[in-house]
Amino acid sequence: MTLAAHVVVRRGPLTVDVALDVADGEVLAVLGPNGAGKSTLLRVLAGLLPPDGGRVAVDGRPWDDVDAGVRLPAHRRPLGMVFQDHLLFPHLSVLDNVAFGPRTRGASRAAAREAAAAWLDRVGLADLGARRPGQLSGGQAQRAALARALVGDPALLLLDEPLSALDARTRLAVRAELRRHLAEFGGSTVLVTHDPVDATALADRVLVVEDGAVVQAGTPADVARHPRTDYVARLVGLSLLPGTGEGLAVRLAGGGVVAVAEPAAGPVLVAIRPESVALYPSRPGGSPRNAWPARVAGATPHGSTVRCELDGEVPLLADVTATAFAELGLAPGSPVWAVVKASEVTVYAR
Amino acid sequence: MRRERTPAPLLVPAALAVAFLVLPLAGLLVRTPWSQLGTLLTAPGVGQALRLSVVSATLATLVSVVLGVPLAWVLARSRARGRAVLRALVTVPLVLPPVVGGVALFLVLGRQGIVGSWLAETTGITIPFTTAAVVIAETFVAMPFLVISVEGALRGADVRFEDAAATLGADRWTTFRRVTLPLVAPGVAAGAVLCWARALGEFGATITFAGNFPGTTQTMPLAVYLALQRDPQAAIVLSLVLLVVSVATLLLLRDRWLGRGAAA
């Protein structure tokens, strides 16, 4: 059960043009900011929105083929979809919600209910089948929605921000369960999210989409280590600086030079982790190679550390301990020196 | 919101409006010959008129639901061109004087009418001055209430539930039956009650198109009008019956459907 798709949709000023392949049992996360076209992509795959161009095929069978005039309506596609706010039918019991798909696909009432009850059991809602969706907690409703999507053993599972409507603690629990169910699911899964943690925890591969186009693809770890755009860098909490490699130094596009541990050449990206940036009140001795004067533009506490946004020739994020922050007497506007070891700087081709 | 004293320029007209709306009804209750109530209510013709009213209003409501709900769906969901014109046409009976509606129905369905003459020639059926004519006149006047109510409910319903149904294998007809219709059921019920109440009180179109024949076309409002000229006491009692039915309708609408619909 493999998905091969190239989707082109024009929506006002935005043109979504994304190609993706998802193998059997694989989970692909589509990560991107709001308005990037992620949900549009998912709606096309579901058959809810006709594409303006391209082709969608599952197991070699075309679902959409604009050039050939093929379009399989949504209700004929063997897929399951989980929506952001679950969209369980409020007038049906939880059991009947899950039995809805088997019923419309031709199962008898008894068989549909039996299949639904089995799935409610799998997601841990065996006792709640008689309730109305309005009587479920957010996490329970999302589990019921997952059962409803998976009950027919679909070829393709689509998840549209499945965890974003949940509070932090519930999200953790539901994410772990979702991960387990996805591992057992034999078909292809496409997960749309704007949360890199969801992508990392749930997906085998990540596709980063911005302004309707793929800007980066890779494993979650790879994307987190080597972000290609500011959006991804901000998501994973890295400072990203474009520049040109000149041996053991990178001349930054925004001005300034970064010393690096391994030789680099041509257009490169420099990524610096906030925890590897040290702050000093004055230029430290021992002439470290990467020391830049800066000004604290903003500071937000993050647990026991404070994340400082630094403004200067080289804009950086720096994590310092709350103690150090107090001892340095830092406040927005304070002048500081930011120091980074060359070995802590990651460089990769642009 | 902070509650403040109502300013006098608003309070006085508001009080007058209440008096204006309530006093006539109070007058009706005051002048009701309570001691003769039993005899007047059981007088021949009263039960007949009431039964005819209820039966024809119920039939008109059924026809309105069967035809009006699909029309409301078309107005709310289809992307056909000319929907604005269609909606305007549908709502004309809402503002049209009912007697004009009666004349129009007569011109089309009457013995000499465009459709009526053809119907009489081919099947021998003539519609005017029959109970069927009462139902048709009431449907003409009352159906727009149902259509407007259901269209509003459909517009307010979350269409993403229909998307969800499609991803679960439901075609559009199944989605309509199993998802859309149950979701707007409170709106359909409220519209049906409004429609029924309007049909029950219908006078102008009925008397024009169906006439005033006891037993076949004389509904309660017609009976009230006629009684007022012969026997004012009987007119009061008949009016009281209609008032009770109206208030009961209102209560039903508020508590059973509007309340639940607003809470859902």
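These legends describe close-up views of a predicted model.

**View 1. Strand 10 of chain A sits between two partner strands.** Strand 10 covers residues 205-210 of chain A. Strand 3 of chain A, residues 27-31, pairs with strand 10 in the parallel sense. Four bridges make up that pairing. One of the bridge pairs puts Ala29(A) with Val206(A) of strand 10. Strand 11 of chain A, residues 213-218, also pairs with strand 10, but runs antiparallel to it. Five bridges join strands 10 and 11. Here Val208(A) has Gln216(A) of strand 11 as its bridge partner. Strands of a sheet pair through backbone hydrogen bonds, either parallel or antiparallel. Five of the six residues of strand 10 are buried, so the strand is largely enclosed by the rest of the structure.

**View 2. The hairpin of strands 10 and 11 of chain A holds a residue with positive phi.** Two residues lie between the strands. Asp211(A) takes a positive phi near 50 degrees in this hairpin.

**View 3. Asp59(A) is a loop residue with positive phi.** The loop runs between strand 4 (53-58) and strand 5 (61-65) of chain A. Phi of Asp59(A) is near 55 degrees, and the residue is not a glycine. Asp59(A) has 15 C-beta neighbours inside 10 Å, so it counts as partly exposed.

**View 4. Glu161(A) is a buried loop residue.** Its loop connects strand 8 (156-160) and helix 5 (168-184) of chain A. Phi of Glu161(A) is positive, near 45 degrees, in a residue other than glycine. Why does Glu161(A) count as buried? Because 20 other C-beta atoms lie within 10 Å of Glu161(A), and the cut-off for a buried residue is 20 or more.

View 5. Strand 13, residues 257-272, is joined to strand 19 by five bridges. Across that pairing, Val270(A) stands opposite Val347(A) of strand 19.

**View 6. Chain A meets chain B.** Chain A gives 15 residues to the contact, and chain B gives 14 residues. On the chain A side, strand 7 (79-82) and helix 2 (94-104) are the elements that give two or more residues. The residues on this side of chain A divide into nine nonpolar, five polar and one charged.

**View 7. Helix 10 of chain B is largely enclosed.** The helix covers residues 185-200 of chain B. Of its 16 residues, 15 are buried, so helix 10 is largely enclosed by the rest of the structure. At 1.5 Å a residue, helix 10 should span 22 Å. Its end C-alpha atoms are 22 Å apart, which agrees.

**View 8. Chain B carries transmembrane annotations in an unreviewed UniProt entry.** The record places the label "transmembrane region" on residues 52-76, 88-109, 129-150, 179-199 and 234-253 of chain B. Two of these spans are shown here. Residues 52-76 are 100% helix and 0% strand, with end C-alpha atoms 34 Å apart. Residues 179-199 are 95% helix and 0% strand. The end C-alpha atoms of residues 179-199 lie 29 Å apart.

Note on methods. Residues numbered from 1 in each chain as written. Chains lettered and ligands numbered in written order. Predicted model: local features only at pLDDT ≥ 70, side-chain atom pairs only at ≥ 80, totals over all residues. Buried ≥ 20, exposed ≤ 12 C-beta atoms within 10 Å, placed from the backbone. Expected span 1.5 Å × (residues − 1). UniProt positions renumbered as here; feature names shortened; annotations may be inferred. Pairing = 2+ DSSP bridges. Contact = placed C-beta atoms within 7 Å. Nonpolar A, V, L, I, M, F, W, Y, C, P; charged D, E, K, R; others polar.
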